[in-house]
Amino acid sequence: MKNGKKATLAVAVAAILLVACDGRASRTVSSGEIVVPEMSSEDLLVSSLEYLLLDDEEEGGQNLKEQYLAQEEKEASGEAENVQQDAADVQGETAVIYYGKGGTLELIEETVTLQEKTADELIDALARHNIMSLDTKVLSFEEKQEGDHTVLYLDLSKAAGEYLRTMSNEAECIIIASLTNTFLENYQADMIYLMVEGKSLIVSDAEYVEPIGRCTPEALMKLAGFLDMNEAGETEEAGEAEQAEEASETQRKLPLIQEKE
């Protein structure tokens, strides 16, 4: 229908051009009481072309609308995929971390969600509870099978050693126990070597040259000679018995700390 209309107009335009060339265009046309405004052949030609272009624009407009709707649908689909991906990222992986309970030698166990369970993510999670400094970085991390034991090798940046040396003996032991238990728990390992810049971890009064097993801050303090059992509010007799038993158990798990000379 539109093509027929265009053909008719094209014929009309051609006829007008012929009339214009002959110079016989009339100025006005009267028909009864109806008066057609004076319009030159040039004006009529321009008007006809504009109408043809308008018709083309209507078709093009429809195509543009379809393209716009298709683009909107594509973007909406992409946004839905991004939302699903974001939800998956938020879901992440669960991990267990340990940190000190204020004013005591007890540790709090907390389950957290990490984007991915890695050594870096665990250190960052511990830093949020002041177990590590915010500028502590993981230089390397390895998991090895040595005989019947799974052993971890954790090498931290210089900031870790500097942070520990600013702490009291109690805080030192809380940090080391929290760090140790966090990594052993999440990697289902038996022991861990703690290092700073490739060397054994050195704190104020001890150097950790052997791997450490699961432990408590109190056990570390007793082993390092920081804690007197009588100061813990126990009787001397009961304290000696418990100290001997716990030291024996700790030695089985932790033959591990050598005091600095």
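**A loop and its surroundings**

Author: Let us begin with G225, which is placed in the loop between helix 6 (217-223) and helix 7 (236-253). Please keep in mind that this is a predicted model.

Reader: Is G225 buried or exposed?
Author: G225 is exposed, because its relative accessible area is 57%, and the cut-off for exposed is over 50%.

Reader: How far apart are G225 and D205 in space?
Author: Their C-alpha atoms are 9.7 Å apart, while 20 residues separate G225 and D205 in sequence.

Reader: Turning to confidence, what does the pLDDT of the protein chain average?
Author: The average is 75, and 56% of the residues score at least 70. Over residues 23-32 the pLDDT is below 50, and this stretch has 8 contacts in the model beyond near neighbours in sequence. Residues 250-255 also have a pLDDT below 50, with 11 contacts beyond near neighbours in sequence.

Reader: How should one read such parts?
Author: Where pLDDT is low, the predicted coordinates should not be read in detail.

Reader: Which residues are buried in helix 3?
Author: In helix 3, residues 119-127, the buried ones are A119, L122, I123, A125, L126 and A127.

Reader: And what covers them?
Author: The cover includes strand 3 (93-100), strand 4 (107-114), strand 5 (138-146) and strand 6 (149-156), together with helix 5.

Reader: Where does Q188 lie?
Author: Q188 lies in the loop between helix 5 (169-186) and strand 7 (191-196). Its phi is positive, about 50°, although Q188 is not a glycine. Most residues other than glycine have a negative phi. Q188 is also exposed, with a relative accessible area of 59%.

Reader: What is the phi of E197?
Author: The phi of E197 is near 50°, again a positive value in a residue other than glycine. E197 lies in the loop between strand 7 and strand 8.

Reader: Now to the pockets: which residues line the second largest pocket?
Author: E197 is one of them, and the others are K158, G161, R165, V196, K199, S200, L201 and I202. Helix 4 (158-164) and strand 8 (199-202) are the elements that give two or more residues to this lining. Strand 8 provides the largest share, with 4 residues.

Reader: How does the lining divide into nonpolar, polar and charged residues?
Author: The lining of the second largest pocket has 3 nonpolar, 2 polar and 4 charged residues.

Reader: How much space lies in the second largest pocket?
Author: The second largest pocket holds about 160 Å³ of space.

Technical notes. Residues numbered from 1 in each chain as written. Predicted model: local features only at pLDDT ≥ 70, side-chain atom pairs only at ≥ 80, totals over all residues. Heavy atoms only, no water. 1 Å grid on protein atoms, 1.4 Å probe; cavity = no way out; pocket = protein on both sides within 12 Å on 5 of 7 lines; lining within 4 Å. Points joined across faces, edges and corners; volume = space filled by probe spheres on them. Nonpolar A, V, L, I, M, F, W, Y, C, P; charged D, E, K, R; others polar. pLDDT = per-residue confidence, 0-100. Contact = heavy atoms within 4.5 Å. Buried < 20%, exposed > 50% of the residue type's maximum accessible area, 1.4 Å probe, protein only.
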